[in-house]
Amino acid sequence: MNININHFDALIIVDMQNDFMPGGALPVPEGDKIVDSLNRYIDLFSQKGNPVYFTRDWHPEDHISFKDFGGVWPPHCIQNTKGAQFHPDLKIPSDNKFIISKGVSRDFDAYSGFQGTVLDDLLKERGVKRLFIGGVATDYCVLNTVLGGLNLGYQVFILGDGIKGVDVREGDSERALEVMKNRGAVVINIEDLK
Ligand code: VGL
Ligand code: ZN
């Protein structure tokens, strides 16, 4: 594939936070292994002046997705904790950067970066048409952010070399990829971008 990055393209990096990395509260196996690859995408987009959005899980300490409050997950990504910070090696650019917090109020959870956020408004304001999405977890927040983008009318590319899944059940990430591709998302690698 040969894709020219144009003015209407945006990069979206999903939930690359300490709690989702090995050693964190809700680790994605090898989640840290995609940092270098994501940094290459971040460099490419920021050099061209294209926007880079970083979504983050940003929960209150009594969030409904936590086991003690009726949910299924251990406590993770609690606002203003180290676990909620981005991986220290991720190259967060100083300009063309936007941080999108989700799952911020106690009674509402969001696996999609579009749910309860202004992401769609920010993208539409800029005239963005195509989204390039990577990060974690393939089978949760990447899946739902990709489907959200497709539903809102964006063309979506998945960073094949920049995603990792949890696989609570074996094969979840593979199945998530099939769902995304069936809905029209296209898997690319860094070599496909010009
Ligand atoms: C996520 C589980 C709970 C994710 C967020 O970012 O994929 N997974 N909260
Ligand atoms: Zn969460």
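Here is a short tour of two ligand sites.

This is a predicted model, where local features need pLDDT of at least 70, side-chain atom pairs count only at pLDDT 80 or more, and totals for chains, interfaces and linings use all residues. Residues are numbered from 1 along each chain as its sequence is written, chains are lettered from A and ligands numbered from 1 in the order written, and side-chain values use heavy atoms, with hydrogens and water left out.

Select ligand 1, then everything with a heavy atom within 4 Å of it: the residues around it include Phe20, Leu26, Trp73, Tyr111 and Val136.

Next, show polar contacts (pairs of N or O atoms within 3.5 Å). An oxygen of ligand 1 is 2.5 Å from a side-chain N or O atom of Asp15, and a ligand nitrogen is 3.2 Å from one in the His76 side chain. At Cys141, look to the backbone: an N or O atom there lies 3.1 Å from a ligand oxygen. Taken alone, ligand 1 exposes 260 Å², and the protein buries 98% of that (Shrake-Rupley, 1.4 Å probe).

Now pick ligand 2, the zinc ion. Asp57 (OD), His59 (NE2) and His76 (NE2) coordinate the zinc at 1.9 to 2.2 Å; donors are N, O and S atoms within 2.8 Å of the metal (3.2 Å for Na, K and Ca), and water is not among the atoms, so sites may look incomplete. Along the chain, the zinc donors follow the spacing D-x1-H-x16-H.

Definitions and conventions: Polar contact = N/O pair within 3.5 Å; in protein donor to acceptor, adjacent residues only side chain to side chain.
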